[in-house]
Number of protein chains: 2
Amino acid sequence: MTTLRDVARHAGVSIGSVSTVLNNTAPVSPALKAKVLKAVEELGYVPDAVARSLKTGRSRTIGLIVPDITNPHFSAVASAIEIACDASGYALLLCNTTDSPAKELRDLHLMRRQRVDGVILVPSGSGEAYVAELTRAATVPVVLIDRTLEGFDADAVVLDNRAASFGIVDYLVRAGHRRIGIVAGPSGMSIAEERLAGYRQALDEHAIDYREDLVARGAYQPEPDYRATTSLLSRRPRPTAIVSTSNHTMIGVMKALADQGFRCPEDMSVASIDDVVWATAFSPKMTVMAQPIVEMTELAAARLFGRLAGTIAGPGAILVAQPSLKVRDSTRPLTE
Amino acid sequence: MTTLRDVARHAGVSIGSVSTVLNNTAPVSPALKAKVLKAVEELGYVPDAVARSLKTGRSRTIGLIVPDITNPHFSAVASAIEIACDASGYALLLCNTTDSPAKELRDLHLMRRQRVDGVILVPSGSGEAYVAELTRAATVPVVLIDRTLEGFDADAVVLDNRAASFGIVDYLVRAGHRRIGIVAGPSGMSIAEERLAGYRQALDEHAIDYREDLVARGAYQPEPDYRATTSLLSRRPRPTAIVSTSNHTMIGVMKALADQGFRCPEDMSVASIDDVVWATAFSPKMTVMAQPIVEMTELAAARLFGRLAGTIAGPGAILVAQPSLKVRDSTRPLTE
DNA sequence: AGGCCCTTCCGAAACGTTTCAGTGATGTCT
DNA sequence: AGACATCACTGAAACGTTTCGGAAGGGCCT
């Protein structure tokens, strides 16, 4: 491995000069510059980011922690973050928590050891103890995506979850539906509660009674949400429409429908939060409330880089993004 | 930030002693160990991986370069690699090339600067110049996934591509199909050619004529493959079945079918290489030739870690994985 | 008691950078 | 012409570890 010393020797100049040329951190004569560049070229010198990091105290690396990279929602996040990092000359350290808060804490620890300059985090835990540990583990700027954490001071970019489910229900009601079921997320999870609240609010505004037996609790995972849907389909009177509250939920809902012999949209209208390419490839093309996930992620990245550059300071801000309804073929007007 | 020096001072021992107990690289007295651990605990000391890397010459970091993290195939790779890294105490640097060989080379360069110990690469380029540059950029062990690169010495884990398409066609023929179209990948790309070869071989073995006009060239992307399919559907006599050669292709095929008014499987049987959850959520559930992508990736990771540990040496090996057919609802027997 | 070997621990060098005080050389002003 | 800035470059310290020669102390043997 060729070092700065080798380059310096080969060019017949000092180590410091090579460094200043490469980082052009001070004016140098054209002659010096030429000599150094030539030597770098001839030796195929590549700077050692590790040594650089040690000296400067910054690693030009950021960490990304997501619950499940396999979920299109989070892989979209990863993609957008990678682009932002590439543009800013940062490297990207990826961790996948598989929805485990314990793993998440371990990952945060890893990030700390690796001396990342900042972290983009999609949190998967909740509770005071969790937040306390998180606060202890986070020694660099953190930007949250999707969720906020009470008691944890950080920037956060989140969806207007209430508006998302509100919009779906509002649309369904206007299309004539009255008995609308929902496959919600786990109780206690802020996102799930907000989406449920939006559902309820829309019902309220249309003066439709809220019925406990029309809400089923899933887990934002295909299997549990399949079961939740199956149970929902057995309620009487049966709903005429179902709102799915995540892309994985959508998988469970559609499978359950098919297995129970329901046609969509003829027998049951379905609309979901989250848009993905796959949702338009098959039959029916899904009516969805799309999250501007790429824009949200870009915002988060900008926020983090702003913190790192010092152009953003002060307590964390919460940025709220608006979803947009895309009406397709999985919902139909109810006329009776 | 607390350093080894702080810990040493606080414990009243030497820096070197702290290092040896933390890495237990030499026997120490219980008393020393206790003192050090206590100090570490009290100060909340976290080792600096950057300094460690500089000193040891190894970063305990590996790089992963994929063409498109947004593709479920590659996010499955990323997930499996992350798990392997976590288990071995490595950190994971992620790069996304968006199918651009130029970006890929830049990423390789980044990896080199960051002094990663090894790289898992899903290559997106081809050609001699590309391989030459790759060879120059790769200064650490590299393991390839999905594709091999002629002239580039590295381990590689690939699918038996020929068997994949062969199996699909064989199945379709046995189900009574004779005019079978294929939406292949870009010509010149090894994977695409192998899959096409398998298609052709299956036809041969069943004594069915190979017809140019039944093969359409796509790009392993939804849009181009949509167009390829549309064109394929206009050929006369029309095929009764279509083999899709990737998951993204599947999206294009199904959309084209729907837009042209074909029902699947009634009017057209479709089977695809690549299995994804989404392919079973909607109607029809797709008949696919599944890649054991997680196993392949685990194998690749094991291979890389073996190289790093020195337990594997010598020239690169090519490991070939077998796909498995999953018959579902998008294909039907042809009886006439 | 003296010599020797182990066992523990210490101290300092080194990894490859960045950074900054310092050294000449050159130009400018009075 | 002398004093003084200015400029381009050098050399060495420092970042936080690991590693290794060596010192100190204790136990065992003759």
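## Exercises on a predicted model

In this predicted model, Gly181(B) is found opposite Ile242(B), a residue of strand 8 of chain B.

**Exercise 1.** Determine in which sense strand 6 and strand 8 of chain B pair, parallel or antiparallel, and which strands stand at the edges of the sheet.

*Solution.* 
1. Begin with the pair Gly181(B) and Ile242(B), the latter in strand 8 of chain B.
2. Strand 6 (residues 180-184) and strand 8 (residues 241-244) of chain B are joined by four bridges, and their pairing is parallel.
3. The open sheet of chain B comprises six strands in the order 7-6-8-9-10-12, with mixed pairing.
4. Strand 7 (215-217) and strand 12 (324-326) of chain B each have a single partner strand, so one side of each has no neighbour in the sheet; these two stand at the edges.
5. From one strand to the next, the twist averages 20°.

**Exercise 2.** State which strands of chain B helix 8 of chain B lies across, and which strands helix 11 of chain B lies across.

*Solution.* 
1. Helix 8 (residues 161-174) of chain B lies across strand 6, strand 8, strand 9 (269-273), strand 10 (287-290) and strand 12 of chain B.
2. Helix 11 (residues 247-259) of chain B lies across strand 6, strand 8 and strand 9 of chain B.
3. As to direction, helix 8 of chain B runs at about 160° to strand 9 of chain B, and helix 11 of chain B likewise runs at about 160° to that strand.

**Exercise 3.** Characterise the surface near DNA strand D.

*Solution.* 
1. DNA strand D is surrounded by 30 residues, and Gly16(A), Ser17(A), Leu32(A), Leu4(B) and Gly16(B) are the closest.
2. Elements giving two or more residues include helix 3 (30-43) of chain A and helix 1 (4-11) of chain B.
3. The residues of this surface divide into 14 nonpolar, 11 polar and five charged.

Key:
Residues are numbered from 1 along each chain as its sequence is written. Chains are lettered from A and ligands numbered from 1 in the order in which they are written. This is a predicted model: local features need pLDDT of at least 70, side-chain atom pairs count only at pLDDT 80 or more; totals for chains, interfaces and linings use all residues. A residue is near a molecule or strand if its C-beta atom, placed from the backbone, lies within 6 Å of it. Ala, Val, Leu, Ile, Met, Phe, Trp, Tyr, Cys and Pro count as nonpolar, Asp, Glu, Lys and Arg as charged, and the others, Gly among them, as polar. Two strands pair if DSSP finds at least two bridges between them. Axes are lines fitted to C-alpha atoms, for helices over the stretch in contact, and angles run from 0 to 180 degrees between N-to-C directions. Two residues are in contact if their C-beta atoms, placed from the backbone, lie within 7 Å.
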